[in-house]
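Open the model in your viewer and keep the sequence panel beside it. We will go from one selection to the next, with a short note on what is there each time.

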Amino acid sequence: MTFPRSFLLLSVVLWPVSLTLAADDAAKTDPRYPFRTDFANANLPWYQPKPLEFPPHHSDRRINGELISADFIHRTGQFRVSKTGEVVEFFMPPYASVHFLKAEADLRDVPLGTDFLFFLNDDGHGNFTRLATMQDQFSIDAGHSFSYKLDEVKLGEGKLLATKQSIPKNQPDLGKAELHVNAATRVWKDDQQIKLEDLKPGDELLYDLTGRSASSPGVCTDIWVGAETHQKVTEAQTAKFAERVKKLGLPGWINKTEGNKVTVTLFSDDVPTFKKTYADDLAVGKDVALCVANEELRTWNPPVDKEKSSIVEVSKVPTESYGCSGTQVVIQVAYMLEGFRRGRVVRVFGSGWTIKDPPYGQGLMNYGYRGPTNSEIQENTAKEYPLQYPYRTDYGNDTLPWFKLKPGQKPPQYSEHRVLGELVKVDAEKHTCQFRTDRTGETVEFTLVPGGSVQYLNANATLADIPIGTRCTFGLYQDHNGAFSQAWTVSDDFSHLASQNTTLRVTALKLDQGRIDVGWQLTKMKNYNGDMELEPDLGQSILLVTPETRVWKGDKQVKLTDLAVGDLLLVDRTSEQSGQPAHCTDIWIGEDTHKAATEQQAKKLATAKK
């Protein structure tokens, strides 16, 4: 299992979701499935994913939740469970898909806060964090031919009364529905945004939600009016996804190799659209390019390391599972590359597709750029080539022991176990501390070992410099009892972001909800031609704020209301605890402020040493 690099997603483990079945469901059996399902066979074990096997339908646990964070590059994210408020991390295997507006989508296409139904498989450790697919309300309803006929508009009560229906199945009344709206609800008709007041009885609606919880049905973020509008938005999202796929290549895994032939099953969770979009480019006799990729679907240097190939056979394969396109191709290559092995992931560039390097931060090889290149290369090495490390890491080698610290010696890179937690107690003289781990609330005592380092505000610091209640990343090693109680590194979120040349760009301010939406933005990087470029966002997150959140600009404390869309932020936060969502303790606005905060901390430490 790999772990995402972003401070917003990094965690010691991917925490399990509480699983319960109603008594009547627990008693049901369904002989169609040789595993436990959400609705039957509680006496059977859950399906366990296997190499080169797409998870069968209904092998998953389905959980409603609101998307609160997404790492576009590492294909990971977080959602807040509607019923419990619990935060759950998920990761996407190479075949996993996102469905948005009844079309396949990339994580970057999905607005933060959107309510999804997450289809999760067991990750092999008893945790339901392995995503098979995720679907927004629009996709769920449209996928079952449902829509909602508007009966009555009650804007004074923030309600729309409607009747659920299926026009294709001639089912005009499938029950009553009450849709909640507010001033932020967007309404779309054809290509235009209209007002809530423009809605009329008889309108055919589909919608998406946010804010669903145990005590609230949620509020509509968007409403789409009319069958023609529904079709248009689906077609637009389909085209958007296809354009991205053609830039990066169609993903699939290698089922077998024989001589100079590679058999590849391609990924997609929308079989009809896949055939319609790509069949002509994947016909027998077509010239294609084959590139080695990793489990995150990232490639190295496609214009250089692509292998010119041709398709010699196309066949159909069963699609009663998640992620299988139904298309398998046999590709003849001139040279068998090291990465063309059974079980490995590849990308196929169809006939005539333009092949370019992925933007900085998205590819696996980033030489020629200015930035955190060495750190990125090392992290990729730990993930992709675990055998180079003779010890266990957070990225692999689960069967090996952890590296043991040796007095007076600096430990090798990625030998630490990284854990997130909130600092709760510091004994500066003894260099001992306590922190409370994210979500579990477990109290961990640790000692900062001689030679270890502390970073606060991206400057060297002492443990006493970090305010109590600040969430930090702790690089831990085992003591003689096997407990992770020896810290080599401690750093706050500000430092973690700054060390990765990353800031958080404000994309939306929703202070009435105690919320700021941000994109994860790299600083400008030098491309292969020597030109400075601003690369696409690496991810997005929701930051929660409270009246106690401090905001800094220059050398002054300002108000939350002084924030503006486009501001570049660095932040410190509390940890996520049961019933206590993580929130920002401090926000620093602008690169000048970030630099000044770092310089101030550096001067503080220098003065203390004197």
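Select Asp208 and Phe138 to begin: a polar atom of the Asp208 side chain lies 3.1 Å from the backbone nitrogen of Phe138. That is a polar contact, meaning a pair of N or O atoms within 3.5 Å; within protein, one must be able to donate a hydrogen and the other to accept it, and residues adjacent in sequence count only if both atoms are side-chain atoms. You are looking at a predicted model, where local features need pLDDT of at least 70 and side-chain atom pairs pLDDT 80 or more, while totals for chains, interfaces and linings use all residues. Residues are numbered from 1 along each chain as its sequence is written, and side-chain values use heavy atoms, with hydrogens and water left out.

Stay on Asp208, which sits in strand E13 (residues 204–210); strands are DSSP E runs of at least two residues and helices H or I runs of at least four, numbered from the N terminus. Is Asp208 buried or exposed? Asp208 is buried, that is, under 20% relative accessible area, with exposed meaning over 50% and partly exposed in between (1.4 Å probe, protein chains only). Yet Asp208 has no salt bridge, defined as a side-chain nitrogen of Lys or Arg within 4 Å of a carboxyl oxygen of Asp or Glu. The nearest side chain of opposite charge is Arg186, 8.2 Å away (Lys and Arg count as positive, Asp and Glu as negative; His and the chain ends are not counted).

Gln137, in helix H2 (residues 137–143), is buried at 11% relative accessible area.

Next, select Arg186 with Asp222: their side chains form a salt bridge at 2.8 Å, N to O. Asp222 belongs to strand E14 (residues 219–225) and Arg186 to strand E11 (residues 186–189), so the pair ties together parts 36 residues apart in sequence. Asp222 is buried at 8%, while Arg186 is partly exposed at 31%.

For another salt bridge, pick Asp106 and Arg108, 3.3 Å apart from N to O. Asp106 is buried at 14% and Arg108 partly exposed at 22%.

Finally, colour strands E15-E16-E19-E18-E17-E20: in that order, these six make a closed barrel with antiparallel pairing (two strands pair if DSSP finds at least two bridges between them). End on Leu290, which stands opposite Glu307 in E18.
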